[in-house]
Each structure stands twice: as C-alpha cells, then as structure tokens.
Amino acid sequence: MAAADAEPEELHPLAGLDRVIHSPARLMVMTNLYVVESAEFIALMNLTGLSWGNLSTHLSKLEEAGYVELEKGFRGKKPYTMVRLTGEGRAAFKAYKEQMQGVLAELPD
Amino acid sequence: MSDMIDLRDVERRAWTLYFQDGLWDIFLGLMFLGGGLRSLTDNLWFYLLVLAGVLIFILGKRFITLPRLGQIKYSAGRRARTNVVRVVALGAMIVTAVIFTMAVTGADLAGAPVGWIFAIMVPGVFIVMAYMMDFTRLYFYAILIAVFTISSELYGDPAAAWAQIIAGLLPLLVGIVLLVRFLRTYPAVDEETLARSGDNGRS
C-alpha cells in the first residue's frame with residue numbers, strides 16, 4: 001500500500017485520540033471522576049482547580065458527549081450537584097488511556 | 001501516560017483532601033489533653049474536653065468541611081480499606097470493653113499486663129489507620145500515644161499525665177493551624193452558585 005493511500009490514523013496515531021477528552025481541563029475532570037464513583041460539583045472544582053464557569057462549560061461538553069451525568073438534589077435546604085462518569089465515559093477514558101500509553105511508548109528516548 | 005498521570009495518586013489526593021481541615025487533629029488533641037489533665041488533677045470535668053473534641057469533629061465536618069469541599073463517593077477499593085479500619089477499631093474497642101468490664105466486676109487483673117496491652121494496641125490501631133487511610137499524620141500521633149502510654153507504665157503520674165498533655169497540645173496546635181489555612185483556602189460557596197452548578201450552556 002502506498003503511503004498516500006494509508007489511513008491518516010495509521011500515520012498519525014495522535015489524530016485518533018478522543019478530542020472530547022484530549023483537552024487538559026476535561027482530562028483533569030475525567031481523571032478525577034474515573035478514580036471515584038461520583039463527586040459533587042464543588043469537590044471537582046477543588047480537585048481540578050477549575051473555576052465555576054470553566055468547570056460548568058467543560059462538564060456541558062462531557063455531558064453532550066454522554067461521558068458524564070449530573071444529578072441535582074438537596075441536602076437539607078442546600079442544593080448540590082453530583083457528577084459521575086457514565087459507562088460510556090468510563091470506557092472512553094480507558095480507551096484514551098490505553099491509546100496514549102501506546103503512543104508514548106512508541107516515542108524514542 | 002503512566003509517567004504523566006498516576007491514577008492512584010489522583011485518587012489518594014481526592015481522599016486526603018478531607019484531612020486538610022485539621023478536625024481529626026483537633027479531636028485527637030482534645031481527647032489526649034482531656035485525659036492528661038484529668039490524670040494530673042483528678043478532676044473528672046476535664047473529660048468535657050473529650051466531649052468537646054467529639055462535638056467539634058462532628059459539627060465541623062457537617063458545617064465547615066462538607067459545604068466547602070462537597071461530597072465524594074469513593075471507589076469500592078477505598079471503601080474496603082475504610083472497612084478494615086472500622087473492623088480494627090471495633091476489635092480494639094471490644095478488647096477495651098472486656099478489660100473494663102473485668103475491672104469493674106472485680107476480676108483479678110493483678111499481674112495482667114493491662115497497661116502494656118494498651119501501650120501496644122492503641123498505637124498499633126493508629127498505625128493501621130494511618131496506613132489504610134493514607135493519613136500520614138496519624139503515624140506521628142501513634143508515636144505520641146506510644147510515648148505517653150509507655151511513660152504511664154514506666155513512670156506513672158505525673159510524668160505520664162504531662163506526656164499526655166504535651167501529646168494533646170501538639171495535634172491541637174497542628175489542627176488549629178490546618179483549620180485556619182483550610183478556611184482561607186476553601187471559602188464557603190453561596191447557595192445560588194450551588195444551585196446553578198453544572199447549568200452552563202443549558203436553557
């Protein structure tokens with residue numbers, strides 16, 4: 001097969017990375033959610049260091065992709081928002097992790 | 001990837017976030033201090049410090065820590081480690097209750113190394129807690145407990161009482177410093193912001 005006929009992803013493994021996850025802020029959010037069952041919105045703010053607005057924006061993108069789900073509730077009279085990875089989100093993060101490991105392993109020292 | 005992000009480290013960070021409030025330290029400090037002052041003065045009122053420690057811990061977690069840090073539900077692995085701590089602590093409480101019951105009911109404990117049992121058991125429980133909970137300050141507190149329980153066996157009061165008072169003051173000071181730093185680092189979030197959390201980009 002000529003190089004010109006090759007699929008771009010074969011030539012550029014990085015091009016196949018999940019772009020929804022492949023942003024530093026969303027990667028931080030996904031990583032933190034991957035290691036726990038669920039986390040409250042404020043907890044995610046503290047863990048990632050993202051501002052309220054930034055985190056909201058990135059969570060919206062992750063929610064649109066079906067990677068996270070948000071659940072609102074009340075603790076006494078105080079509202080809270082719990083965030084968790086969906087099954088799809090967990091699988092996507094795992095795939096991203098393996099893909100990145102593969103890409104980095106192939107890099108020369 | 002493993003060089004860039006250590007997932008165990010991320011999980012540990014999420015877990016230890018809740019130890020930054022200093023409430024464990026204040027609780028332990030007041031408990032040791034109350035016990036030490038009671039031994040020194042023989043005044044039972046100093047046990048109120050122990051009660052104060054319990055109240056500060058429970059109310060502080062509810063009204064200071066939770067509103068600032070929010071809640072995290074941890075993985076099954078982390079919950080299993082916490083359960084090990086619960087079982088070990090329960091075992092220690094049962095041993096204590098058995099010895100206490102024997103003492104109260106007039107059982108002959110003369111010659112039984114009761115003091116040494118506590119001198120080994122209590123720091124041991126703290127070491128298990130420190131390891132299983134990834135709470136490194138508990139190693140230091142285990143040493144403090146060992147010092148005052150062993151002092152009690154070797155020298156008796158007032159040396160042991162003073163050792164316990166000092167062992168109480170140290171975590172208490174650490175706890176107060178941590179609590180002040182915690183309150184500065186994590187300001188309270190108002191209810192309106194909480195209610196709008198995660199609403200960005202939605203109608």
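In chain A, strands β2 (residues 68–75) and β3(A) run antiparallel and are joined by 8 bridges. Strands here are DSSP runs of E with at least two residues, helices are runs of H or I with at least four, and both are numbered from the N terminus. Two strands pair if DSSP finds at least two bridges between them.

This is a predicted model, in which local features need pLDDT of at least 70, side-chain atom pairs count only at pLDDT 80 or more, and totals for chains, interfaces and linings use all residues. Residues are numbered from 1 along each chain as its sequence is written, while chains are lettered from A and ligands numbered from 1 in the order in which they are written.

**Chain A**

Chain A holds 5 helices and 3 strands. Their order along the sequence is α-α-β-α-α-β-β-α. Of its 109 residues, 31% are buried (20 or more other C-beta atoms within 10 Å of the residue's own, with C-beta atoms placed from the backbone). Among contacts in chain A with a separation of 6 or more, 52% link residues 24 or more positions apart. A contact requires C-beta atoms, placed from the backbone, within 7 Å.

β2(A) and β3(A) form a hairpin with 2 residues between them. G76(A), in the turn, has a positive phi of about 70°. V83(A) in β3(A) is the bridge partner of L70(A). V83(A) also stands opposite A39(A).

| Strand pair | Sense | Bridges |
|---|---|---|
| β2(A) (residues 68–75) and β3(A) | antiparallel | 8 bridges |
| β1(A) and β3(A) (residues 78–85) | antiparallel | 2 bridges |
| β1(A) (residues 36–40) and β1(B) | antiparallel | 3 bridges |

**Between the chains**

β1(A) pairs with β1(B) in the antiparallel sense. There, V36(A) stands opposite Y74(B). Across the interface, 26 residues of chain B contact 30 residues of chain A. On the chain B side, α1 (7–16), β1 (72–74) and α8 (191–196) each supply at least two residues. That side divides into 13 nonpolar, 9 polar and 4 charged residues. Ala, Val, Leu, Ile, Met, Phe, Trp, Tyr, Cys and Pro count as nonpolar, Asp, Glu, Lys and Arg as charged, and the others, Gly among them, as polar.

**A helix pair in chain B**

Helices α4 (residues 76–104) and α5 (residues 114–132) of chain B pack at about 170°, with axes 9 Å apart. Axes are lines fitted to C-alpha atoms over the stretch in contact, and angles run from 0 to 180 degrees between N-to-C directions. α4(B) and α5(B) are therefore roughly antiparallel (angles over 145 degrees). Residues of α4(B) in the contact include R81(B), V88(B) and I99(B). From α5(B), M121(B) and V125(B) are among those they meet. The contact comprises 13 nonpolar, no polar and 1 charged residue.

Key: Parallel < 35°, antiparallel > 145°, perpendicular 65-115°, else oblique. Contact = placed C-beta atoms within 7 Å. Buried ≥ 20, exposed ≤ 12 C-beta atoms within 10 Å, placed from the backbone.
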